[in-house]
Amino acid sequence: IYSQLAEDMVRILIKNIEFFEQLHQFPKEIHFPEYERETFGQIIGILERYPEFNGKENFIYQCQELNKIRREIVHQLTKHTDTEIVVMKIDTAKSFFEGVHKFFSTSISSLWNSFDQFGKDQEWLEKANKYIQQHGAT
């Protein structure tokens, strides 16, 4: 479950970064691909190619380590005869998940603060209002 939650956090960051990029390009529309079938590792790779944000490097490292442990547990589960090894790996996964959560909180807060700055940017607001007047709100 830790890896599923972390994967969702990666997807949330991707969507927020895409939204932020759309704000920067306004009124030009940008269409981003949908990442619905990608694995956790693939989603992490996609996030690596996105622009920098506060805590990105640490967040990605924690996700990669968590994914590595998940793969070890899933693909080698039948090889372990001692449940203690599995429990130790789960404890390690929990520790990495706590890091993922910590850096996610930092990263998402940083992005939201950036969004808030658009609401205070007079030039951007004028451009947005002009566009809405010309094209209507959608």
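1. Helix H2 (40-49). H1 and H3 are among what covers the buried residues of H2. These buried residues are Phe 40, Ile 43, Ile 44, Gly 45, Ile 46 and Leu 47. Here "buried" means under 20% relative accessible area, "exposed" over 50%, and "partly exposed" in between, with a 1.4 Å probe and protein chains only. Contact is taken as heavy atoms within 4.5 Å.

2. Basis of the note. The model is predicted, so local features need pLDDT of at least 70 and side-chain atom pairs count only at pLDDT 80 or more, while totals for chains, interfaces and linings use all residues. Residues are numbered from 1 along each chain as its sequence is written, and side-chain values use heavy atoms, with hydrogens and water left out.

3. Overall architecture. The protein chain holds five helices and zero strands, and its pattern along the sequence reads α-α-α-α-α. Helices (H or I, at least four residues) and strands (E, at least two) are DSSP runs numbered from the N terminus. Of the 138 residues in the protein chain, 36% are buried. Among contacts between residues at least 6 apart in sequence, 69% join residues at least 24 apart.

4. Nonpolar core. The largest nonpolar core has 31 residues, and those with the most contacts inside it are Val 10, Leu 13, Ile 14, Leu 47 and Phe 59. At least two residues of this core come from each of H1, H2, H3 and H4. H4 gives the most, with nine residues. A nonpolar core is defined as a set of buried Ala, Val, Leu, Ile, Met, Phe, Trp, Tyr and Cys residues joined through side-chain atoms within 4.5 Å. In soluble globular proteins, nonpolar side chains tend to be buried together.

5. Phe 59. Which residues does Phe 59 touch, not counting residues up to four places away in sequence? They are Met 9, Val 10, Leu 13, Leu 47, Val 100, Phe 103 and Phe 104. Val 10, Leu 13 and Leu 47 are also listed, with Phe 59, among the core residues with the most contacts.

6. Salt bridges in outline. The count comes to six salt bridges, a salt bridge being a side-chain nitrogen of Lys or Arg within 4 Å of a carboxyl oxygen of Asp or Glu. Side chains of opposite charge can pair when their charged atoms come close. Lys 15, Glu 18 and Glu 34 are linked in a network of salt bridges.

7. Glu 18 and Lys 15. Their side chains meet in a salt bridge at 3.9 Å, N to O. Because they are three residues apart in helix H1, Glu 18 and Lys 15 are separated by about one helical turn. Glu 18 counts as buried at 5% relative accessibility, whereas Lys 15 is partly exposed at 42%.

8. Lys 56 and Glu 52. The closest N and O atoms of this salt bridge are 3.6 Å apart. Lys 56 is buried, with 4% relative accessibility, whereas Glu 52 is exposed, with a relative accessible area of 65%.

9. Lys 89 and Glu 72. This pair forms a salt bridge at 2.9 Å, N to O. Lys 89 belongs to helix H4 and Glu 72 to helix H3, so the pair ties together parts that are 17 residues apart in sequence. Lys 89 is buried, at 18% relative accessible area, and Glu 72 is partly exposed, at 27%.

10. Phe 32. This residue is placed in the loop between H1 and H2. Phe 32 counts as partly exposed, at 28% relative accessibility. Leaving aside neighbours within four places in sequence, Phe 32 is in contact with Glu 18, Glu 21, Gln 22 and Tyr 50. The C-alpha atoms of Phe 32 and Gln 22 are 9.6 Å apart, for residues ten apart in sequence.

11. Largest pocket. About 180 Å³ of space lies in the largest pocket. On a 1 Å grid over the protein atoms alone, a cavity is a set of points where a 1.4 Å probe fits but cannot get out, and a pocket is an open set with protein on both sides within 12 Å along at least five of seven lines; lining residues have an atom within 4 Å of a point. Grid points are joined across faces, edges and corners, and a volume is the space filled by probe spheres set on the points.

12. Pocket lining. The largest pocket is lined by Ile 1, Tyr 2, Ser 3, Leu 66, Ile 69, Arg 70, Ile 73, Val 74, Ile 90 and Ala 93. Helices H1 (2-25), H3 (56-76) and H4 (83-118) are the elements giving two or more residues to this lining, and H3 gives the most, with five residues. By class, the lining has eight nonpolar, one polar and one charged residues. Ala, Val, Leu, Ile, Met, Phe, Trp, Tyr, Cys and Pro count as nonpolar, Asp, Glu, Lys and Arg as charged, and the others, Gly among them, as polar.
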